[in-house]
Amino acid sequence: MSAALPFFAAASSTERGGTELLDPDELEAALRDIGARRYHNLHPFHRLLHGGRLNQDQVRAWALNRYYYQAMIPVKDASIVARMEDASLRRIWRQRIVDHDGEAEGDGGIERWLKLTDSLGFTRAYVVAATGILPATRFAVEAYVHFVRERSLLEAIASSLTELFAPIIISERVAGMLAAYDFVSKDTLAYFDKRMTQAPRDAEFALAYVKAHAVTPSLQAQALGALSFKCDVLWSQLDALHHAYVDPGLPPPGAWTPGGETTS
């Protein structure tokens with residue numbers, strides 16, 4: 001416990017805009033500490049999801065709302081690419097867009113997510129229209145897109161570093177859901193197979209970029225703040241799902257309700 005305290009202190013000090021300059025390894029430790037404390041694998045909703053303690057409608061609500069986040073990832077990444085003046089950076093980053101959009105119709109991560117919502121009884125038209133998602137889902141995702149458009153390139157790239165922690169949550173999710181829910185299968189969860197290799201590749205590049213470019217206390221504070229913001233984006237989406245579909249179970253007007261329509 002005591003060995004971790006310097007990393008907690010460094011992260012807190014730098015997030016407040018402190019004057020301490022961290023070396024690259026200390027900066028990485030501070031970034032990882034944020035994930036250890038704030039990544040959404042710790043959220044009660046995910047504990048219920050991965051532990052098999054949600055009913056089918058609650059899983060459906062999660063998949064429906066998460067689609068909007070998945071669909072906007074290429075939009076977010078296109079905004080980042082548009083701001084990169086270095087062609088070598090653009091070539092690397094644009095792979096993220098290909099991963100989600102695919103090389104052709106019927107390919108890519110978004111298509112694989114739609115196969116999950118297909119299997120849960122939603123029509124594609126309803127899912128893609130996003131008419132049944134929670135307002136908080138829309139607000140959080142759009143806040144993320146605006147963040148990468150409006151803040152510095154360093155902050156935009158640093159905000160993607162939640163991918164450092166993605167393999168943990170993916171392995172928990174797939175194993176837990178396959179063990180607990182007879183209405184999902186390895187095929188319907190195929191989206192996560194690709195992410196087990198894509199996310200670490202992307203995170204490795206983004207981490208190296210941040211460590212190389214966050215070279216002042218102010219820039220390091222921006223990078224740490226960006227990752228904290230992204231954790232908040234992910235956490236707030238689960239807060240909304242838990243409130244709407246678990247406890248107290250009050251979907252807001254306009255949001256999908258169990259037993260409600262699944263077509264637009």
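**Cavities in the model**

Modeller: This is a predicted model. One place to start is the second largest cavity, which is lined by His40, His46, Trp62, Asn65, Arg66, Leu234, Gln237, Leu238 and Leu241.

Biologist: How much space lies in that second largest cavity?

Modeller: About 70 Å³.

Biologist: Which element gives the most to its lining?

Modeller: H12, with 4 residues. Both H4 and H12 supply at least two residues each to the lining of the second largest cavity.

Biologist: And how do the residues of that lining divide into nonpolar, polar and charged?

Modeller: The lining of the second largest cavity has 4 nonpolar residues, 4 polar and 1 charged.

Biologist: Back up a bit. How many cavities of 30 Å³ or more does a search of the whole structure find?

Modeller: The search finds 2. The largest cavity has a volume of about 330 Å³.

Biologist: Which residues lie nearest the centre of the largest cavity?

Modeller: Arg66, Tyr69, Ile73, Glu163 and Arg195, out of 26 residues that line the largest cavity.

Biologist: Which elements give two or more residues to the lining of the largest cavity?

Modeller: Helices H4 (56–83), H5 (87–101), H10 (166–180), H11 (191–213) and H12 (217–245). H4 has the largest share of that lining, 6 residues.

Key:
Residues numbered from 1 in each chain as written. Predicted model: local features only at pLDDT ≥ 70, side-chain atom pairs only at ≥ 80, totals over all residues. Heavy atoms only, no water. 1 Å grid on protein atoms, 1.4 Å probe; cavity = no way out; pocket = protein on both sides within 12 Å on 5 of 7 lines; lining within 4 Å. Points joined across faces, edges and corners; volume = space filled by probe spheres on them. Nonpolar A, V, L, I, M, F, W, Y, C, P; charged D, E, K, R; others polar.
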